[in-house]
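Let's take a walk through this one, from a metal site out to the charged pairs. Keep the viewer open as you read.

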Amino acid sequence: MTETAEATVDQLEVGLPWQHNFAGLGPAFYTELQPTPLPAPYAVCVNRLLAEELGLSTDMLATTAAVEAFTGSRPIEGARSLASVYSGHQFGVWAGQLGDGRAILLGELQTAAGPQEFQLKGSGRTPYSRMGDGRAVLRSSIREFLGSEAMQGLGIPTTRALMVTGSDAPVRREEVESASVVTRVAPSFIRFGHFEHFSAREQYGELRKLADYVIDRFYPECRATAKFAGNAYAALLEQVTERTAAMVAQWQAVGFCHGVMNTDNMSILGLTIDYGPFQFLDAFDPGHICNHSDEQGRYAYNKQPNVAYWNLFCLGQALLPLIGEQEHALAALESYKTVFPRELEARMRAKLGLPDAQPGDRELIESILKLLAQDKVDYTIFWRRLSQYVAGTTVEPVRDLFLDREAFDFWGKLYSQRLEGAGRAEAAALMLKTNPKYVLRNHLGELAIRQAKLKDYSEVEALLMLVQSPFDEHPAHEDKAGFPPDWASHIEISCSS
Ligand code: AMP
Ligand code: MG
């Protein structure tokens, strides 16, 4: 062990300066408990980029002490671990009490990236585990780790993942798999479901305390609002509505399907949270359902914008006892109808290299999406090839993606005319940093997971690097920017992970 590593182990053992702001809300909000240790944990992957952003030493994170600590197998000095209670609507139905069934919050650190909470996902049973075992398997932990970093790399608000650890302890799913823990990092893990919980139980004191906590810590501007007759809770609902609308617009533009948009999986900070059966689209299929358990297609790609609004409506309902006037709540939610289309159009325009809005842009966007859907064109490859075409390559690589080439040519003419006004070089520059070359396709994750099950984590490392710089060219990884193999469409990913 190097000198620095020893020093940093000491740092962990002497105690990082943990704070416990969430715990300060009081015992109605959580149960304090220790993680359940896993035997002989080992590091699977450390996110060096995030460690640097947080001002944490990667040497420290790679030590046995840190690996044990972030698996929940060694007590962390100064941490005050807890599982929080929340409720929620699952698949449109009130599910009552849920809670952190397999996630344990350690506390909060003041980092170089501001205050951040650290949570261990998969670290054992809690009072909210219901029938579950409190564990996560290696497969799902790697998906969460890479998925959240892919979203971050694309500039989409998300919880982060600092590291994945594993243990050979068996975990029973459809088959026996091995246990794993992800260290998640976010300013807060509070969900819509936390508000629904206290509202449904008519615990309005706790409801107010929670809302005040969220406003004071994350939305202080709500206190100074002149809107809604100065009603800070209505202002909070409006802010959350706007952030959620902007987040979902980004999902749609990049072709991300969340897969389980239950209200307990919606962050009060407008972060993408709880990566389960998510997927980045391969072919553009608006009705695509990525969650194998979602039989009705409630969370299909093209339903996400409406589902987010429905979820915000649940949040509004939960906040109503604090807001008082129903009109204020409705007015706050109304902002979704302007923010979502505005944000989506801005994102789609950027994909086309158009920095400013002009009449006719919406039709231009809608008509290309229609063509992409009709010919089931690969979504990521289309946008990247279009960017390269605008940057100066021939049109064939884009045109060849379509079965109906005449229809594409017709659209292409209109697009070229529109580009003349915008400036081609500027458009190309904007497109190449808006349209990723690399997204975390299901089959890429699957291949990395297969290797990881054999304890070879090099593919996880490679994918992490690619998704953290998805707009760059990586000639050594050209194969990972290509079309998915046929077997990719047969991968079945469900909630059970
Ligand atoms: P999800 O659909 O993953 O958001 O999970 C819904 C609820 O089930 C949450 O309360 C989770 O904490 C809980 N849960 C999911 N998987 C497990 C598990 N393996 N053990 C305990 N609780 C779980
Ligand atoms: Mg969840």
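What follows covers the metal site and then the salt bridges.

Some ground rules first: this is a predicted model, where local features need pLDDT of at least 70, side-chain atom pairs count only at pLDDT 80 or more, and totals for chains, interfaces and linings use all residues. Residues are numbered from 1 along each chain as its sequence is written, chains are lettered from A and ligands numbered from 1 in the order in which they are written, and side-chain values use heavy atoms, with hydrogens and water left out.

Start at the magnesium ion, ligand 2. Asn265, through OD1, and Asp274, through OD, coordinate it at 2.0 to 2.2 Å. Donors here are N, O and S atoms within 2.8 Å of the metal (3.2 Å for Na, K and Ca), and since water is not among the atoms, sites may look incomplete. Both Asn265 and Asp274 are buried; buried means under 20% relative accessible area, exposed means over 50%, and partly exposed is in between, using a 1.4 Å probe and protein chains only.

Now for the charges. The structure holds 30 salt bridges, each being a side-chain nitrogen of Lys or Arg within 4 Å of a carboxyl oxygen of Asp or Glu. Take Arg80 and Glu32, whose side chains meet at 3.0 Å, N to O. Arg80 sits in the loop between α4 (64-69) and β3 (82-84) while Glu32 is in strand β1 (residues 30-32), so this pair ties together parts that are 48 residues apart in sequence. (Helices, H or I with at least four residues, and strands, E with at least two, are DSSP runs numbered from the N terminus.) Both ends are partly exposed: Arg80 has a relative accessible area of 32%, and Glu32 comes in at 42%.

Next, look at Arg441 and Asp282, a salt bridge with its closest N and O atoms 2.8 Å apart. Arg441 lies in the loop between α16 (424-432) and α17 (442-453), and Asp282 in the loop between β12 (279-280) and α9 (304-323), so the pair ties together parts 159 residues apart in sequence. Arg441 is buried at 2% relative accessible area, and Asp282 counts as buried at 11%.

Asp361 and Arg418 also form a salt bridge, at 2.7 Å from N to O. Here helix α12 (residues 361-374) holds Asp361 and helix α15 (residues 405-422) holds Arg418, distant parts of the chain, 57 residues apart. Asp361 is buried, at 1%, and Arg418 is buried too, at 12%.

Finally, salt bridges that share partners join Lys121, Glu144, Arg184, Arg191 and Asp274 into one network. That brings us back to Asp274, which also coordinates the magnesium ion.
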